[in-house]
Amino acid sequence: MLETVVIVIHLLMALGLVVLVLLQQGKGADAGASFGAGASGTVFGSQGSATFLSRFTAVLAAVFFITSLGLAYFAKEKADMIRHAGLPDPAVMEQKQEQAPAASDVPGAQGQPQAPAGGNGDVPAAPEQK
């Protein structure tokens, strides 16, 4: 239950960070605002939107970092539970190698003469000996 809450908060913080980063203006955008092209002083005060958005982005980044550490802790706990549950370690497990079927296992292979090694079909096969 707690892990689900942390995952939801983590995803919301990630989306919030993306939106806030895309909303912020670059450093070169202030030159256009000084010549009358922008109205940054009317909405966010005389300092513009940089202070408010940058601080809010820093808060979201800190919460995102904390939730990342929380998710890493949950992953470690799950790995420890699997290790202590008696399941074999995948690195140690041996896989059985399949053996090629024996000639007696292949249907129709018993009692048939084999073709010559040259194998162009012009040479007749040797008669079967009884």
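Tutor: Patches consist of residues with over 30% relative accessible area and no salt bridge, like charges being joined within 9 Å and nonpolar side chains (Val, Leu, Ile, Met, Phe, Trp, Tyr) within 5 Å. A salt bridge is a side-chain nitrogen of Lys or Arg within 4 Å of a carboxyl oxygen of Asp or Glu. This is a predicted model, in which local features need pLDDT of at least 70, side-chain atom pairs count only at pLDDT 80 or more, and totals for chains, interfaces and linings use all residues. Residues are numbered from 1 along each chain as its sequence is written, and side-chain values use heavy atoms, with hydrogens and water left out.

Student: Which residues make the nonpolar surface patch of about 420 Å²?

Tutor: Accessible areas come from the Shrake-Rupley method with a 1.4 Å probe, and for residues only the protein chains shown count as cover. The patch has an area of about 420 Å², and its members are Met 1, Leu 2, Val 5 and Ile 9.

Student: Is Met 1 buried or exposed?

Tutor: Met 1 is found in the segment before α1 (2-23); helices (H or I, at least four residues) and strands (E, at least two) are DSSP runs, numbered from the N terminus. Buried means under 20% relative accessible area, exposed over 50%, and partly exposed in between (1.4 Å probe, protein chains only). Because its relative accessible area is 81%, Met 1 is exposed.

Student: Why does Thr 67 count as buried, and which residues does Thr 67 touch?

Tutor: Thr 67 lies in helix α4. Thr 67 counts as buried because its relative accessibility is 8%. Contact means heavy atoms within 4.5 Å. Leaving aside residues up to four places away in sequence, Thr 67 touches Val 6, Ile 9 and His 10.

Student: How far apart do the end C-alpha atoms of residues 52-74 lie?

Tutor: UniProt lists residues 52-74 as "transmembrane region" in an unreviewed entry; its positions are given in the numbering used here, feature names are shortened, and annotations may be inferred rather than shown by experiment. In the model, the span is 100% helix and 0% strand, and its end C-alpha atoms lie apart by 33 Å.
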